[in-house]
Amino acid sequence: MASEGSSDKPTLRQSYHFMVVVLGDLGRSPRMQYHVLSLLQAGHFVTFVGYTGEQLVPPLLKYAPKASGGVVTRDSNQPPTLRVVRFPAPKVDILRSHSLLLPLYFAWRCLSLFVLLVTALTLVKAAPLPSTGEKVKPQAILMQNPPAIPILSVMVAYKYWTGAKLIIDWHNLGYSMIEKENILLRFLGRQYEEALAPFADGHLTVTRALQTFLKNEMKIDNDNCSVLHDCPPSIFRLRTLVEQHKILEKNHEKLMKALADNNVDWPELTQKPSLEDAKSTLLTEPVPKRPGKFQPRSQRPALLVSSTSWTADEDMDILIDALQMVDKRIQETKSSLRIICAITGKGPLKEHYEEIVAKKTWKSVFVTTLWMEPADYPTFLATADVGISLHTSTSGMDLPIKILDYFGCEVPVCAYQFPCLNELVQDDVNGRTFEKADELSEILVQLLEPLASAKPDERFGNHDFGDLKRYSLQVQGQLLWSENWPKNAWPVIERSLRKAPSPATAETAEKSKDD
């Protein structure tokens with residue numbers, strides 16, 4: 001293998017030191033974690049830089065060294081090839097309390113992020129390449145955008161200082177996330193992105209629409225710009241009834257307590273089970289005289305799951321209003337349908353919506369907010385009948401990665417409609433789309449009706465009835481991240497590594513190497 005500074009072109013057999021940078025909580029950045037995992041599995045060393053917060057997904061842990069506090073642990077005898085550098089997000093929300101303070105908030109946030117990010121980058125040291133043991137500083141940077149300010153300028157400067165290649169993974173447009181009322185800031189934000197984006201050596205986008213925009217509007221005129229659609233990793237998959245029962249049993253007491261605390265009167269489900277049914281859950285029960293075997297409960301409730309970050313980007317009011325209409329419809333028609341809606345995730349608006357839901361007096365619909373450990377979340381998702389996506393796009397050109405999690409588990413979705421969603425969800429093909437609460441309520445009543453009309457001895461597995469069964473068949477055999485990444489991400493990264501540096505960059509990189 002060529003040493004650092006050699007003119008030999010890289011090949012797939014070489015290993016490199018990559019730096020993956022996220023100006024956000026690393027544990028809540030699934031796509032970037034999947035990038036890191038793919039690089040590690042390909043035999044490279046990765047330095048992962050971003051905010052402190054939630055734990056990383058379990059598959060990453062075996063690549064990392066032991067760390068105090070149990071945030072990162074190792075379960076492998078192999079030398080660690082993942083280094084994690086995390087720093088706290090700046091706390092400046094008090095400056096957002098008044099519109100007149102927003103410019104000050106924006107300036108202070110940019111400055112504090114700049115200082116924190118630069119400080120974190122100084123902690124990024126040379127690392128031994130897995131293939132040779134030679135210690136080198138990062139040879140390529142893979143950064144998430146947005147946010148773009150100030151990370152894009154810092155990474156461009158880092159590229160020219162060290163000679164590392166820069167690849168941008170475009171999840172959205174940074175300037176589109178600035179409130180539309182701030183016309184000047186949005187204009188400046190767009191100019192900032194347009195000016196700096198062409199300095200990158202490669203580009204990945206989450207949609208074809210975003211790729212087209214970059215080439216047409218941001219003058220990304222090189223050919224090293226590819227679409228890398230989100231795909232589910234292998235941990236999101238169809239689960240057996242035994243696996244579903246185990247995760248439901250693990251959360252059974254939590255769900256039963258929530259039902260009791262909210263005075264939910266469903267005696268057929270909540271009454272104390274007999275000793276024979278002691279292992280029953282709300283959705284599953286043991287098969288009589290067949291130890292270790294489980295089956296769906298007859299006349300069970302429907303389970304909706306909505307994964308959210310509890311931010312203004314997802315209009316939870318639509319879901320709550322829709323469930324209000326569904327409950328009213330059930331009472332008017334005297335239907336036997338029961339619905340449990342589990343909303344998972346953490347975020348700033350969680351308490352606000354919990355207070356709204358607590359005031360509801362629904363009789364046939366129950367909403368509970370759950371936080372699942374990363375290891376349990378994929379299995380719990382696979383127990384759902386329907387996934388609900390309330391993601392709205394600020395640019396109209398990004399897609400919610402959470403829908404791919406549902407699809408990986410073969411769970412159909414009801415998704416809020418916006419431009420380019422059809423790259424992922426086709427109405428009445430692999431799910432349903434909606435724009436208003438009344439549309440969603442009608443869709444849910446229609447999709448879940450077979451559960452209400454089921455005979456006493458009829459048992460339906462999750463999403464194994466009516467149109468949901470048809471939609472589920474359409475999402476089977478989803479392309480996995482492990483299959484998509486080598487075809488659409490690695491070629492962009494490899495071409496970026498092959499690019500010869502400019503003379504100024506090469507000279508600066510040589511000085512950095514000598515240091």
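Good morning. I begin with Phe48, which touches Val20, Val22, Leu26, Met32, Gln33, Val36, Leu56, Leu82, Arg83, Val84 and Val85, leaving aside residues up to four places away in sequence. Please keep in mind that the model is predicted.

Phe48 is also one of the residues with the most contacts inside the largest nonpolar core, together with Phe18, Leu82 and Phe380. That core has 72 residues. Helix 1, residues 30–41, supplies its largest share, namely 6 residues.

I turn now to helix 5. This helix runs from residue 183 to 196, and its 14 residues reach 20 Å from first C-alpha to last, close to the 20 Å expected at 1.5 Å a residue. Which residues of helix 5 are buried? They are Arg186, Gly189, Tyr192, Glu193 and Leu196. These residues lie on the same side of helix 5, because they cover an arc of only 125° around the axis. An α-helix has 3.6 residues a turn, so residues three or four places apart point the same way. On the other side of helix 5, Ile183 and Leu184 are exposed. The buried residues pack against three elements: strand 6 (140–145), helix 4 (151–162) and strand 7 (165–170).

Side chains of opposite charge can pair when their charged atoms come close. The count of salt bridges comes to 20. In one of them, the side chains of Arg31 and Asp169 meet at 2.7 Å, N to O. Arg31 belongs to helix 1 and Asp169 to strand 7, so this pair links distant parts of the chain, 138 residues apart. Are these two partners buried or exposed? Arg31 is buried, with a relative accessible area of 3%, and Asp169 is buried, with a relative accessible area of 0%. Arg31 and Asp169 are also linked with Asp230 in a network of salt bridges.

A further salt bridge joins the side chains of Lys250 and Asp376 at 2.6 Å, N to O. It links distant parts of the chain: Lys250 is in helix 7 (residues 241–250), while Asp376 is in the loop between strand 14 (365–370) and helix 12 (377–381), 126 residues apart. Here Lys250 is exposed at 56% relative accessible area, whereas Asp376 is buried at 15%.

Lys402 and Glu314 form a salt bridge as well, with their closest N and O atoms 3.8 Å apart. Lys402 counts as partly exposed at 22% relative accessibility, whereas Glu314 counts as buried at 8%.

Finally, the aromatic rings. The structure holds 10 aromatic pairs. Tyr51 and Phe87 form an edge-to-face pair, 5.5 Å centre to centre with 85° between the planes. The pair links strand 2 (residues 45–51), which holds Tyr51, to strand 3 (residues 82–87), which holds Phe87, across 36 residues. Tyr51 is buried at 8% relative accessible area, and Phe87 is buried at 6%. Trp485 and Trp490 form a tilted pair, 6.1 Å centre to centre with 40° between the planes. Both of these tryptophans are buried. Ring pairs also link Trp485 and Trp490 with Tyr16 and Phe18 into a cluster. Phe18 brings us back to the largest nonpolar core, where it is among the residues with the most contacts. Thank you.

Technical notes
Residues are numbered from 1 along each chain as its sequence is written. This is a predicted model: local features need pLDDT of at least 70, side-chain atom pairs count only at pLDDT 80 or more; totals for chains, interfaces and linings use all residues. Side-chain values use heavy atoms; hydrogens and water are left out. A nonpolar core is a set of buried Ala, Val, Leu, Ile, Met, Phe, Trp, Tyr and Cys residues joined through side-chain atoms within 4.5 Å. Buried means under 20% relative accessible area, exposed over 50%, partly exposed in between (1.4 Å probe, protein chains only). Helices (H or I, at least four residues) and strands (E, at least two) are DSSP runs, numbered from the N terminus. Contact means heavy atoms within 4.5 Å. The expected span of a helix is 1.5 Å times one less than its number of residues. The arc is that of the directions from the helix axis to the C-beta atoms. A salt bridge is a side-chain nitrogen of Lys or Arg within 4 Å of a carboxyl oxygen of Asp or Glu. Rings of Phe, Tyr and Trp (its six-membered ring) pair if their centres lie within 6.5 Å; planes under 30 degrees apart count as stacked, over 60 as edge-to-face and the rest as tilted.
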